[in-house]
Amino acid sequence: PLTGKMRLGYEDKSLALECAAAIAEGGAYALTVHARTKVEGYEPPAHWEWIRKIREHVAIPVTANGDVFSLKDYIGIKEMTGCNSVMLGRGAVIRPDLARQIKQYENGETVRDTDFAEVSVWINQFFHLCLAKEANNKYPVARLKQWLGMMKKAYPEAQATDAQLEMWFTQAESLLDNTDHSIVKKLEEREMLLFLLVRHFAALAERAAQGGLVGRIASATEG
């Protein structure tokens, strides 16, 4: 079936209900609503009350989306909007176990927070996938830093690991920049060192995951 997704408008919300109705009348089976306008981007707050207005205005199922970063947010957006389903976005990146927490809650089970030791295993898997895709440049480290940067909102250990990785990587770049070689030779060495860096980090991440904390990577790199 065909589904749709919309924001509340471009600059304002004046056409939100009309747009939702047009999507429904156009044959959409269901509609997901992100509770902000285009201009608002991702700036808080998300206007959950507008999702309720849209849900009450159309006859198709509406899924709520916007600012769901915790189980508390999930419960709150369902209560505010009356929607039976919720779409996760950045919250699932910041807190990788959020969907599992929601499932446990909905099943009436004990909700268990995932500690960083378990998350570190997922980080290690992610980094190895990045290596498999492109291991001879900055791509794996850049993607890892991007994830750690978002995850630090929920896990202080991620911030410490990100800071150590940044210092380590900056030192390696500085070493290359100060090497007095021809441009071609420098580029060759740069690619080789980056390759060695990401391979070395993969080994550190694996050992840290086995030991329980990715945060141990920081102390390992100091040696």
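Reader: In which hand does H6 pass H7?

Author: This is a predicted model, in which local features need pLDDT of at least 70, side-chain atom pairs count only at pLDDT 80 or more, and totals for chains, interfaces and linings use all residues. Residues are numbered from 1 along each chain as its sequence is written, and side-chain values use heavy atoms, without hydrogens and water. A crossing is left-handed if the near helix is turned anticlockwise from the far one by less than a right angle, and right-handed if clockwise. The crossing of H6 past H7 is right-handed.

Reader: How are H6 and H7 oriented to each other?

Author: The axes (lines fitted to C-alpha atoms over the stretch in contact, with angles from 0 to 180 degrees between N-to-C directions) of H6 (residues 116-133) and H7 (residues 139-151) come within 8 Å and cross at roughly 150 degrees. Angles over 145 degrees count as roughly antiparallel. H6 and H7 are therefore roughly antiparallel.

Reader: Is Leu 71 buried or exposed?

Author: Leu 71 lies in helix H3 (residues 71-81). Beyond its neighbours within four places in sequence, Leu 71 is in contact (heavy atoms within 4.5 Å) with Leu 98, Gln 101, Ile 102, Tyr 105 and Val 111. Buried means under 20% relative accessible area, exposed over 50%, partly exposed in between, with a 1.4 Å probe and protein chains only. At a relative accessible area of 15%, Leu 71 is therefore buried.

How values were computed. Helices (H or I, at least four residues) and strands (E, at least two) are DSSP runs, numbered from the N terminus. Angles under 35 degrees count as roughly parallel, over 145 as roughly antiparallel, 65 to 115 as roughly perpendicular and the rest as oblique.
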